[in-house]
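Thank you all for coming. I would like to walk you through one model this morning, starting with the terms and then moving from the overall fold to individual side-chain contacts.

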Amino acid sequence: MKNKKLLVILSVIFVIIVFLGIFKNNLYKIIYPKTYQEIVSTYAEKYQLEENLVFAVIKAESNFKEKAVSHKNAIGLMQIMEETAKEVAKKYEIEIDLNQAEEELLKVENNIHIGSKYLSILMERYGNKEVAVAAYNAGMGTVDNWIEKGIIKADGSDIEKIPYKETNHYVRKILRNYKMYEELYK
């Protein structure tokens with residue numbers, strides 16, 4: 001009787017292992033989706049960004065919840081601050097109603113458009129994703145200060161030295177998400 005129970009348990013474990021081995025990528029694709037693919041592709045191409053980086057930011061910022069609003073009032077999929085959105089939209093002539101910025105940022109296309117443009121500005125400024133996403137989280141002034149004081153290197157090679165715990169964790173999360181998207185969607 002004991003041997004029969006043990007055999008059944010081992011059989012179930014074996015089936016689960018085989019199932020996970022076969023369907024692992026499909027399960028991961030549920031966890032790391034490419035929701036809004038067409039919109040992300042459009043703006044990633046327009047602003048010369050890697051699509052997977054945009055998806056990694058969306059995953060980390062809102063986990064694809066388009067109506068997300070943070071405790072600091074960052075809005076939408078890419079969690080953009082209203083003032084940042086207004087600056088980017090005005091400077092780069094992105095057509096949104098600046099008087100209704102919060103409502104506009106809750107619209108998927110507007111949020112991805114402005115978020116992608118802002119991310120491209122940071123990529124152009126810093127030249128690497130590590131420092132650019134640190135600035136996406138902590139702000140350009142803060143990151144410029146860290147670089148100026150030698151706290152982190154401009155090339156992003158010592159990104160683990162970011163002094164803000166939240167930003168340090170954020171950058172690691174983005175890079176992990178980015179790596180997963182790269183592996184899943186080769």
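Let me begin with a term: helices (H or I, at least four residues) and strands (E, at least two) are DSSP runs, numbered from the N terminus. This is a predicted model, in which local features need pLDDT of at least 70 and side-chain atom pairs count only at pLDDT 80 or more, while totals for chains, interfaces and linings use all residues. Residues are numbered from 1 along each chain as its sequence is written, and side-chain values use heavy atoms, with hydrogens and water left out.

First, the overall fold. The protein chain has 9 helices and 0 strands, and its elements, read from the N terminus, run α-α-α-α-α-α-α-α-α. Its radius of gyration, taken over C-alpha atoms, is 20 Å, well over the 16 Å that the globule rule (2.2 Å times the number of residues to the power 0.38) gives for 186 residues, so the chain is more spread out than a compact globule. Along the principal axes, the C-alpha trace spans about 75 × 40 × 30 Å. As for burial, where buried means under 20% relative accessible area, exposed over 50% and partly exposed in between, with a 1.4 Å probe and protein chains only, 41% of the 186 residues count as buried.

A salt bridge here is a side-chain nitrogen of Lys or Arg within 4 Å of a carboxyl oxygen of Asp or Glu, and the structure holds 7 of them. Glutamate 82 and lysine 86 meet in one at 3.5 Å, N to O, and both residues lie in helix 4 (residues 82-91), 4 residues apart, about one turn of the helix. Glutamate 83 also bridges to lysine 86, with the closest N and O atoms 4.0 Å apart, and these two are 3 residues apart in helix 4, again about one turn. Glu82, Glu83 and Lys86 are thus named together as a network of salt bridges; within it, glutamate 83 is exposed, with a relative accessible area of 51%, whereas lysine 86, at 25%, counts as partly exposed.

Which salt bridge links distant parts of the chain? Glutamate 50 pairs with lysine 129, the closest N and O atoms being 3.6 Å apart. Glutamate 50 sits in the loop between helix 2 and helix 3 (51-62), and lysine 129 in helix 7 (residues 129-138), 79 residues apart. Lysine 129 is buried at 18% relative accessible area, while glutamate 50 is partly exposed at 34%.

Finally, the aromatic rings. Rings of Phe, Tyr and Trp (its six-membered ring) pair if their centres lie within 6.5 Å, with planes under 30 degrees apart counted as stacked, over 60 as edge-to-face and the rest as tilted; the whole structure has 7 such pairs. Tyrosine 32 and tyrosine 181 form an edge-to-face pair, 5.7 Å centre to centre with 90 degrees between the planes. Because tyrosine 32 lies in the loop between helix 1 and helix 2 (37-46) and tyrosine 181 in helix 9 (residues 165-184), the pair ties together parts that are 149 residues apart in sequence. Both tyrosines are buried. Tyrosine 181 and tyrosine 185 have ring centres 5.9 Å apart and planes at 20 degrees, so that pair is stacked. Tyr32, Phe55, Phe64, Tyr181 and Tyr185 form one aromatic cluster.
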